[in-house]
Amino acid sequence: MPSFPSPNVAPSIETGLSTDSSSQGLQNYLMEADSTTSDPPDDQGIGDDLSTYTASLASSVSDYQYENGRRYNGYRRGSKLHWAPIDPNPQRILDIGTGTGSWAVDIADMYPSAHVIGTDLSPIQSHWVPPNLVYEIDDAESEWTYKRDSFDLVHTRYLTGAFADWPKFIERSFTALKPGGWIECQEIESRILSDDGTLQPDSALAKWNELLREAAETYGRSVVAAARLANWMEDAGYVNVTNRCFKIPNNAWPKNPKMKEVGMYQMANFLDGLQALTMALFTRALRWTPAEVEAYLVEVRKDIKNKNIHSYLNFYVAYGQKPE
């Protein structure tokens, strides 16, 4: 089951507009649209050729930082890799659904004291890794073989739709964590929203989003589970549970320069992952033909790039501690 488009460079969780700082409920913050860059009615927004656009993004990403003979990412240097206040000298960290392994590499560099394990179903990770990092091909939905009370941190990011049973995963993490250890889930809620009514219910993007949820539920997967992660953590016995929510704009429509940049990255990644995400679900669950999917996505892409549509997704960071 594919998850929602996962960024090649994830929008930093420091730059998203935070709408909450506790597990007590979400406050309602509004992003102001940039009226100076709105598209005229006959303009669909950013053109189909994104080469110039993505090139400007790539230049900031490849601005590497060199320190003690080693190369580190320059983009968002100093950004948070986690919110949970873990032990400053952790011994074992588990990254579930590590993907390319970028977070696992960064966390291994940040905490040389820790033995970091990154797991995934696909062997797509680099062979060049820090000495304290190993990758394992594993299915996190199968029974875990890790020792009880052995990890300081269990981490996930962008696994929306990957688990049929999130509460079971959270319970298994509880067993594997040391007393005082932390679980942290950084997950997108694949419910496209707009606070000002510019995302019309009959738009191609809104309809696509409804169909995506319908298709995922056919397989017993939810792509809108992120908002419930903190509640499931509390149900499993975690304490000090915190739920943060960040609005991620789907293109460069916000006025705020930082949020505009986040939107640029989100749009580039959304467009890049749209076909791969849609094709399998729509053809298998909804019985569309590949040609029908491709034709429909033409209109969806136009909506994603249209800066007159002020849409966004909620990105949740939920974390909790196993009692001491």
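**Entry 1: salt bridges**

I count a salt bridge when a side-chain nitrogen of Lys or Arg is within 4 Å of a carboxyl oxygen of Asp or Glu. The model is a predicted one, so I take local features only at pLDDT of at least 70 and side-chain atom pairs only at pLDDT 80 or more, while totals for chains, interfaces and linings use all residues. Residues are numbered from 1 along each chain as its sequence is written, and side-chain values use heavy atoms, with hydrogens and water left out.

I found nine salt bridges in the structure.

I began with Lys 322 and Asp 149, whose closest N and O atoms are 2.6 Å apart. Lys 322 sits in the segment after β10 (311–321) and Asp 149 in the loop between β6 (133–137) and β7 (151–157), so this pair ties together parts 173 residues apart in sequence. My helices (H or I, at least four residues) and strands (E, at least two) are DSSP runs, numbered from the N terminus. For exposure I use relative accessible area: buried is under 20%, exposed is over 50%, and partly exposed is in between (1.4 Å probe, protein chains only). Lys 322 is buried at 9%. Asp 149 is partly exposed at 36%.

Next I took Lys 255 and Glu 32, which meet at 3.7 Å, N to O. Lys 255 is partly exposed at 47%, and Glu 32 is exposed at 52%.

Then I checked a pair within a helix. Lys 302 and Glu 299 form a salt bridge at 3.4 Å, N to O. They are three residues apart in α7 (residues 290–305), a separation of about one helical turn. Lys 302 is partly exposed at 31%, as is Glu 299 at 37%.

**Entry 2: Glu 187**

I located Glu 187 in strand β8.

I then looked at backbone nitrogens. The side chain of Glu 187 reaches that of Leu 159 at 2.5 Å. The backbone nitrogen of Tyr 158 lies 3.2 Å from a polar atom of the Glu 187 side chain. Contacts of Glu 187 (heavy atoms within 4.5 Å) include Trp 166, Leu 229, Asn 314 and Phe 315.

**Entry 3: cores and α2**

I define a nonpolar core as buried Ala, Val, Leu, Ile, Met, Phe, Trp, Tyr and Cys residues joined through side-chain atoms within 4.5 Å. The largest has 49 residues; among those touching the most other members are Ile 93, Trp 208 and Phe 282. Elements giving two or more residues to this core include α2 (102–110), β8 (177–194) and α4 (204–218). Helix α6 gives the most, nine residues. Another core, of 28 residues, lies apart and includes Val 154 and Phe 169.

I finished with α2, where Trp 103, Ala 104, Ile 107 and Ala 108 are buried. Seen down the helix axis, the buried residues of α2 fall within an arc of 130° and so line one face; the arc uses directions from the axis to the C-beta atoms. These residues pack against β4 (92–96), β5 (115–120), β6 and β7.

Notes:
A polar contact is a pair of N or O atoms within 3.5 Å; within protein, one must be able to donate a hydrogen and the other to accept it, and residues adjacent in sequence count only if both atoms are side-chain atoms. Lists of a residue's contacts leave out its neighbours within four places in sequence.
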